[in-house]
Amino acid sequence: MKTKTLIFFLMMIVCIGLWGQTATKPSGEGTSGDPYKIDNWQNLNWISQNTGVWSNHFEQTEDITFPTGDDGIQTWDGDKGWTPIGNADALFT
């Protein structure tokens, strides 16, 4: 019985962690003719996690708002906040 309880508890922790910071691939192919269409913070989160697309084409299609409060971006990444898009080694162009 303890093993099942432990497994359930661990699964809940993983699910809660994933739920709080969802990365969603935007529509589009990332080309000049069909850029990635960015319309929410989940799309921006996907970009921040996928360095291989940072030199592709993007189009912001909506105003973007971020969650606030206890699950807001200020609490992400161990209270470090938003993961930057681009860095000294991999520029976002």
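Q: Why is Trp 82 called partly exposed?
A: Its relative accessible area is 24%, and a residue counts as buried under 20%, as exposed over 50% and as partly exposed in between, judged with a 1.4 Å probe and with protein chains only. The value for Trp 82 falls in between, so the residue is called partly exposed. This is a predicted model, in which local features need pLDDT of at least 70 and side-chain atom pairs count only at pLDDT 80 or more, while totals for chains, interfaces and linings use all residues. Residues are numbered from 1 along each chain as its sequence is written, and side-chain values use heavy atoms, with hydrogens and water left out.

Q: What makes Trp 76 buried?
A: The relative accessible area of Trp 76 is 4%, which is under 20%, and therefore Trp 76 is called buried.

Q: Why is the pair of Trp 76 and Trp 82 called tilted?
A: Rings of Phe, Tyr and Trp (its six-membered ring) pair if their centres lie within 6.5 Å, and planes under 30 degrees apart count as stacked, over 60 as edge-to-face and the rest as tilted. The centres of Trp 76 and Trp 82 are 5.8 Å apart and their planes lie at 35°, so the two rings form a tilted pair. By this rule the count comes to six aromatic pairs.

Q: What makes Tyr 36 and Phe 58 a pair, and what does this pair tie together?
A: Their rings are 5.5 Å centre to centre, with 35° between the planes, and the pair is tilted. Tyr 36 lies in strand S1 and Phe 58 in strand S2 (residues 58-60), so the pair ties together parts that are 22 residues apart in sequence; strands here are DSSP runs of E with at least two residues, and helices are runs of H or I with at least four, numbered from the N terminus. Ring pairs also link Tyr 36, Trp 46, Phe 58 and Phe 92 into a cluster.

Q: What makes up the largest nonpolar core?
A: A nonpolar core is a set of buried Ala, Val, Leu, Ile, Met, Phe, Trp, Tyr and Cys residues joined through side-chain atoms within 4.5 Å. The largest one has 10 residues in all, among them Tyr 36, Trp 46 and Trp 76. Helix H2 gives the most to this core, with four residues.
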